Amino acid sequence: MPDRLLLSHLPRCNRHLLGVTLFERNRRGTVTTSMGEYILRQVRHIIEDARYLRALTDDLTDLPEGELRIGLAYPPLHSKPALLLRSWSNSYPQTRISLHTSSDRDIVFTLPNRHIDAAIIPQFALDNSLASSPLHREHIVVVLPYDHPLANQETLSIRNLTKEGLLVPSKADGDWYRYFYLAQIGSQTHIPMHYEGILTLLSQIRVGLNITLCNAACQEFQPCGVVFRPLDDPNAEFDVHLVWRAEAEDAILGRFVAFMRNLTQKRGKLPSV
């Protein structure tokens, strides 16, 4: 409504200079035309770019106190984005960061509802309604009991795994993580799902009941009783992105996105982990 009111107050000569009709009046009132909507979208992009440039040049002292709620589709958080968040906290100590766990599908709904401000999710869970920026590249690894026969090998193949008691981590039947893992293994193989969280899954591997796949970030826990082995497959990796609402106008979030983008570019785009 504010956009339409803005259009309705534009001088008539300016609308004529554009050579198009921006809005029409009918019995229901003022209605923005398709061309008017298009122009408004372009204006919004210009405003967003201007805000981005402002975020690059503003002093640290003008950022108000506040909190950034960051969703994690699949914890644990890898050391790469963790280092980026730590750099933010050191640069902007007046702005707190709180992490929230949610599935990738839940994040698609919670972001528009503003329950969280941004999220870190895998590329295969991206949604067209969200803006995104790449952070790093993550690898898939195999987790086995330390005394498993395959633990003696430096790398493992998908063929090795289909003959074992393999579990695939998942949070829900519609989970994108599940689909991604199954695509690596092959749809012809029936693989049971594990829905109880990564710590419970690692505990189950530790007692020797199964083996599993997980993201490389889990290695940083260094859990006892299990070993991690890379997959000998070029497709066993995925990009991790920062996502946020494209229409968000919050100053703190805008500064945060610009900061993360700049720091990622300085350290090299999509560092492999």
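Colleague: Where is Asp 233 found?
Modeller: Asp 233 is found in the loop between β10 (226-230) and β11. Helices (H or I, at least four residues) and strands (E, at least two) are DSSP runs, numbered from the N terminus. This is a predicted model, in which local features need pLDDT of at least 70 and side-chain atom pairs count only at pLDDT 80 or more, while totals for chains, interfaces and linings use all residues. Residues are numbered from 1 along each chain as its sequence is written, and side-chain values use heavy atoms, with hydrogens and water left out.

Colleague: Is Asp 233 buried, exposed or partly exposed?
Modeller: Asp 233 has a relative accessible area of 23%, so it is partly exposed. Buried means under 20% relative accessible area, exposed over 50%, and partly exposed in between (1.4 Å probe, protein chains only).

Colleague: And Asn 235, buried or exposed?
Modeller: Asn 235 is also found in the loop between β10 and β11. Its relative accessibility is 52%, and therefore Asn 235 counts as exposed.

Colleague: How far are the C-alpha atoms of these two from Thr 155 and His 139?
Modeller: For Asp 233 and Thr 155, 78 residues apart along the chain, the separation is 9.6 Å. For Asn 235 and His 139, 96 residues apart along the chain, it is 9.0 Å.

Colleague: On to β11. What does His 241 touch?
Modeller: His 241 lies in strand β11 (residues 237-245). Leaving aside residues up to four places away in sequence, His 241 touches Ala 119, Ile 120, Ile 121, Gln 123, Leu 126, Ser 132, Ser 133, Pro 134 and Leu 135. Contact means heavy atoms within 4.5 Å.

Colleague: Why does His 241 count as buried?
Modeller: Because its relative accessible area is 8%.

Colleague: Which residues have the most contacts inside the largest nonpolar core?
Modeller: They are Leu 161, Leu 231, Leu 242, Leu 253, Phe 256 and Met 260, in a core of 40 residues. The largest share of this core, seven residues, comes from helix α9 (residues 251-266). A nonpolar core is a set of buried Ala, Val, Leu, Ile, Met, Phe, Trp, Tyr and Cys residues joined through side-chain atoms within 4.5 Å.

Colleague: What does Leu 161 touch?
Modeller: Not counting residues up to four places away in sequence, Leu 161 touches Val 142, Leu 156, Leu 166, Ile 211, Leu 213 and Leu 231. Another core, of twelve residues, lies apart from the largest one and includes Val 143, Leu 167, Ile 205 and Phe 228.

Colleague: Where is Leu 213 placed?
Modeller: Leu 213 is in strand β9 (residues 211-215). Its relative accessibility is 0%, so Leu 213 counts as buried.

Colleague: Back to α9. How do α4 and α9 pack?
Modeller: Helix α4 (residues 79-91) and α9 pack at an angle of about 125°, with their axes 10 Å apart. That makes α4 oblique to α9. Axes are lines fitted to C-alpha atoms, for helices over the stretch in contact, and angles run from 0 to 180 degrees between N-to-C directions. Angles under 35 degrees count as roughly parallel, over 145 as roughly antiparallel, 65 to 115 as roughly perpendicular, and the rest as oblique.

Colleague: Which residues make the contact?
Modeller: From α4 there are Leu 84, Leu 85, Ser 87, Trp 88 and Ser 91, and from α9 Ile 252, Arg 255, Phe 256, Phe 259, Met 260, Leu 263 and Thr 264.

Colleague: Different topic. Which helix holds Ile 107?
Modeller: Ile 107 is in helix α5 (residues 104-110). Ile 107 is buried because its relative accessible area is 0%. The C-alpha atoms of Ile 107 and Ala 73 are separated by 7.2 Å, although the two are 34 residues apart along the chain.

Colleague: How many helices and strands are there in the protein?
Modeller: There are nine helices and eleven strands. Of the 273 residues in the protein, 42% are buried.
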